[in-house]
Amino acid sequence: MEAPHDLVVLGSGPAGEKGAVQAAYFGHRVVVVEKAPEPGGAAVHTGTLPSKTLRETALYLSGFRARDLYGVSVRLDDPHAAVPRLIARKDAIARQESERIRHNLARHGVELVRGEARFVAPHTVEVRTPEGPRRIDGRFFLIATGSSPRNPPDVPIHEPDVYDSDEILALSHLPKSMVVLGAGVIGCEYACMFAALGVQVVLVEARTQFLPFLDHEVGRRLESAMQHLGIEIRKGHRWGRIHRAANGRILCDLADGSVLESETLLFAAGRVGSTAGLGLEHVGLTADDRGALKVDRHYRTAMPHVYAAGDVIGFPALASTSMEQARVAVCHAFGIDYKQSIGPMLPYGIYTIPEVSCVGETEETCREQGIDYVVGRALYRENARGLITGDLEGMTKLVVHTKTRRLVGTHVIGERASELVHIGQAVMHLGGTIDTFIEMVFNYPTLSESFKYAAYSALGELAKRR
């Protein structure tokens, strides 16, 4: 009979890998069960890395960053020839990252088992492996099975030319036109990527507010930039029947009576936790109507020996937070003092064209909470590096507490936004004020220097208040 493991991890995505390694680092016997042929989960194979790889490859192949720079205009000569290169680059990155995960697990002594696991008892899972069923007992369990696209019954996902956000990565050719349903992060990212490759894109959103969690000024800038990219944005429109025309094209009926016709359709309106088939009833757990598990601040479920982390617990469903959630969960389970909580300021990175990244308060949340604030802005078009790169739409925006001068929000739109935001995050984490940027010396020319001039702008607003 097989000896019980200290920790059994279900899923090898960002949460599963980091949680497993954290436990193994402190000497615990760990096994990871992954149903897919290769480790990495959606982050490696269908979501985070593939979409960002396709974005960078699309920008390169389309010559987008060189468009209208120094009077040069670049266009993609053969769009269809680009698809094999897009897919090849995506697959190469996935292979390299899967191999890195395998190596990381192996060097920490973590066993990786391929198969589909389900609970058959509170401390036992049965795994259907290629070699046959295997029972694994565990002292603790970490459910890190991730999420999958939400596919409502009225959306014919299995119809040719209709895709969800996982399937879109398997396109065999570059379409001339595409309707994207859902202007959330995933929908906006793919809309930008395909528009950069010359696809005629219509982006449909049922809500009237564009990415409402963003600072509204930044959201408006992004919307304007996407329209400049050629994307037609339909806000406040609900979609109805999706069907095929006599000419073979896809038709999408909108609630206002209009009909959108396109070569392809991408449904990108939400994801659900991958908990179906886990046998949760055998461990006393129940997922909500979106497949998510409820956890406490230690990421422990209603059963004290079962933890959950990552997309499977819902918001914020980011690879970055998933890793930290798993580390906190494992440290709590084994009483390890190493990591007991996650920092309260969670950065968001949206890989649209242009990029958007933010952390902390927006103007809107400040007003809701009664925080007296000013903002400082620095535009890329007034930054030497911004002019050199040709990014004239970018902006660094700082939200500053009026009385304390502390930085409470950082918002960046433009080239390298997801990197730059961490400068503001670090200052916020340490309780710094905008004087920090005034005192700092930044390399020149750099986009980072925009923080200094945004701080000067905020100082000017503070002076007006006085």
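1. Buried means under 20% relative accessible area, exposed over 50%, and partly exposed in between, using a 1.4 Å probe and protein chains only. By that scale Phe26, at 35% relative accessibility, is partly exposed. Tyr25 stands at 61%, so Tyr25 is exposed.

2. A word on the source: this is a predicted model, where local features need pLDDT of at least 70, side-chain atom pairs count only at pLDDT 80 or more, and totals for chains, interfaces and linings use all residues. Residues are numbered from 1 along each chain as its sequence is written, and side-chain values use heavy atoms, with hydrogens and water left out.

3. Ten aromatic pairs are present in the structure. In one, the ring centres of Tyr25 and Phe26 lie 5.2 Å apart with planes at 85°, so the pair is edge-to-face. (Rings of Phe, Tyr and Trp, the last by its six-membered ring, pair if their centres lie within 6.5 Å; planes under 30 degrees apart are stacked, over 60 edge-to-face, the rest tilted.) Tyr338 joins Tyr25 and Phe26 in a cluster linked by ring pairs.

4. Thr321 sits in helix α7, residues 319–333. Helices are DSSP runs (H or I, at least four residues), as are strands (E, at least two), numbered from the N terminus. Thr321 is buried because its relative accessibility is 5%. Beyond neighbours within four places in sequence, Thr321 contacts Pro316, Ile342 and Leu346. Contact means heavy atoms within 4.5 Å.

5. Now helix α12. Its buried residues are Ser450, Phe451, Lys452, Ala454, Ala455, Ala458 and Leu462. Their cover includes strands β20, β21 and β22 and helices α10 and α11.
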